[in-house]
Amino acid sequence: MEEILKIANLCKRFGKLIAVDHLDLTIKKGQVYGLLGPNGSGKTTTLGMILNVVAQDSGSFQWFGKVPNAQLRTQIGSILETPCFYPYLSAVDNLKIAAHIKNVSVKTIEPTLERVGLLSRKDDKFKAFSLGMKQRLSIAAALLADPPVLILDEPTNGLDPQGIAEIRHLIQNIANQEKTIILASHLLDEVQKICTDFCVLRNGKKLYDGSVATILKDTDQYELSSSDNEQLKQTLSLNNEIQSVDVEGDYLLVTTCGELKAEGLNTFCHQNGVVLTRLVNRKNSLEQEFLKILEYND
Amino acid sequence: MIRALKLEWLKVKSYKVFWALVVMYLFSVVLVSFGGNFLLQYLKAEGAELNGIDPTILPLYDFPDVWQNLTWVVSFTKILLAYIVIISINNDLTYNILRQNIIDGLSKKEYLLSKLILIGALALLSTVVLFIAGFINGAVYSHVFETNYIFDELEFLGAYALDIFVFCSLAFLLSLLIKKAGFVIVSLTIYSLMFEPVLGLVLENAPYFKDTFWQQVPQFLPVNALNNLIAAPFPKYIFKEVMTDIPIKALTIVLFWEAFFIGSIVYILNRRDLK
């Protein structure tokens with residue numbers, strides 16, 4: 001797959017603080033890449049460096065296999081933290097500036113505003129916008145040139161639940177158009193829902209990188225219940241492919257070994273005269289795995 | 001060049017504060033330009049006498065003297081243009097526009113160019129308005145109206161434009177260094193209108209510094225060097241000799257300062273992290 005971004009040995013210090021510490025990262029075309037880490041782990045600094053607004057102390061990076069320059073940045077739609085616009089200019093006037101810098105026609109402005117649901121407010125001044133609208137306007141600015149790469153730094157920061165859902169929906173739409181997205185966030189369920197790949201940063205160091213699907217694979221744990229959990233427990237103890245049965249609230253947590261899966265469990269219970277009212281295969285959550293990664297590296 | 005010009009145009013086009021300040025500035029230029037004879041009449045009414053001469057017969061608007069007279073007087077209003085530049089730069093910093101522009105694909109060189117174009121446009125606008133004001137006043141009051149007199153000494157208009165350009169470059173640099181617009185405005189005003197001129201007067205005229213190294217210092221300071229570009233024209237009306245050329249020494253010092261200002265701006269733009 002084509003490499004979109006390659007970061008090699010990137011370092012940045014702010015006085016005594018090492019913000020980014022020998023970071024290597026490769027992002028390929030079509031990936032929705034989650035940049036995870038606690039607050040202050042170097043996510044925004046890294047994005048600042050690859051967008052040339054923060055100077056790196058050492059190391060290098062390449063966009064589209066080329067040495068970065070201003071022209072290449074017009075191919076990247078970016079939001080870094082807070083929306084940045086002139087408060088005294090209207091939405092359209094602000095986007096005209098972005099369109100001019102990105103060398104795209106002003107004709108793209110209205111369709112883009114429509115896409116983020118701001119067309120009816122296009123002549124209102126930026127300062128009159130709510131936080132959610134401001135955030136949507138910065139997404140509009142990032143989408144203006146229909147760029148192959150999007151960088152989103154905490155895009156749902158400060159939004160209400162409805163706003164978060166809207167932005168997430170928008171990002172998923174964009175991801176479906178084969179675009180590459182780099183998403184920095186500390187909201188793990190956000191990354192779990194949107195991203196294909198992720199890495200974990202802490203104190204500027206990369207602790208882990210891999211695909212979301214691999215880490216969220218199925219486990220050998222099942223949640224089971226029936227109208228009589230006591231009877232269910234006795235029945236399950238007859239199966240030697242079941243390692244353990246624990247009572248957790250109103251269901252039993254069953255750990256299997258060998259080839260026994262959900263289908264086998266269901267058949268086994270049915271054959272022994274027990275009707276299941278619940279059968280759930282537990283999955284890892286990104287949150288658990290994230291905490292494990294941080295703990296493991298302590 | 002065109003790209004940078006258009007960028008700056010998009011930024012100021014719908015910015016009402018900018019246009020209000022420009023209009024107020026131009027109004028002050030016109031007011032000062034047209035005020036000469038009214039001032040003389042006021043002096044006469046108050047009974048002032050200049051070496052026994054009736055003040056109102058002073059030919060302030062005679063070609064070509066009008067150019068030196070007007071540029072010298074009106075150049076004191078350049079501080080108002082510096083305020084516009086300070087506000088423009090400060091907006092780009094406080095609203096994080098500079099960072100967003102770079103992220104969107106602007107190079108720092110283009111940003112610098114766009115702001116120098118803004119400064120150049122302000123200097124040009126001011127010079128054109130001053131030329132028109134001087135021409136109208138000359139047409140009305142001048143005792144001579146021959147082309148060779150009218151267009152003689154136009155180099156004062158060039159010096160006037162350079163004066164504004166360099167002074168606004170200083171304002172640009174200060175706005176990058178100090179991110180608080182109000183603070184830059186107050187400190188630039190105090191420094192350029194009080195601190196440096198007073199220091200200059202003290203060092204050049206106090207007997208204590210006579211014939212010392214310190215007496216030579218003021219002419220090398222930026223605001224004094226800018227003020228030296230156009231010599232004060234009025235002593236000639238009390239029959240003192242007045243320099244009617246742009247002094248090469250002051251011009252050299254001014255160009256050195258301009259190079260220093262631009263160099264510092266480039267250094268800051270390249271080195272500073274935009275967070």
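In chain A, 6 strands build an open sheet with mixed pairing, ordered β5-β6-β7-β3-β8-β9. Its edges are β5 (76–79) and β9 (205–211) of chain A, and each of these pairs on one side only. From one strand to the next, the twist averages 15°. Helix α11 of chain A, residues 286–296, packs on this sheet. The helix touches β3, β8 and β9 of chain A, and its direction makes about 40° with that of β8(A).

Look next at β3 and β8. Strand β3 (residues 32–36) of chain A runs parallel to strand β8 (residues 197–202) of chain A, and 4 bridges join them. Here L35(A) stands opposite C199(A) in β8(A).

All of this comes from a predicted model. The predictor gives the complex an ipTM of 0.88 and a pTM of 0.88. Chain B has a mean pLDDT of 91, with 99% of its residues at 70 or more.

Now the backbone. E154(A) is not a glycine, yet its phi is positive, near 45°. This residue sits in the loop between β6 (149–153) and α6 (161–175) of chain A. Is E154(A) buried or exposed? Its relative accessibility is 8%, so E154(A) counts as buried.

Chain B has a positive phi at E153(B), about 60°, again in a residue that is not a glycine. The loop between α8 (147–150) and α9 (155–177) of chain B holds E153(B). With a relative accessible area of 12%, E153(B) is buried.

Chain B also has a cis peptide bond, from F63(B) to P64(B), with omega near -5°. P64(B) lies in the loop between α3 (36–45) and α4 (65–74) of chain B.

Definitions and conventions
Residues are numbered from 1 along each chain as its sequence is written. Chains are lettered from A and ligands numbered from 1 in the order in which they are written. This is a predicted model: local features need pLDDT of at least 70, side-chain atom pairs count only at pLDDT 80 or more; totals for chains, interfaces and linings use all residues. Side-chain values use heavy atoms; hydrogens and water are left out. pLDDT is the predictor's confidence in each residue, from 0 to 100. Two strands pair if DSSP finds at least two bridges between them. Helices (H or I, at least four residues) and strands (E, at least two) are DSSP runs, numbered from the N terminus. Axes are lines fitted to C-alpha atoms, for helices over the stretch in contact, and angles run from 0 to 180 degrees between N-to-C directions. Contact means heavy atoms within 4.5 Å. Buried means under 20% relative accessible area, exposed over 50%, partly exposed in between (1.4 Å probe, protein chains only).
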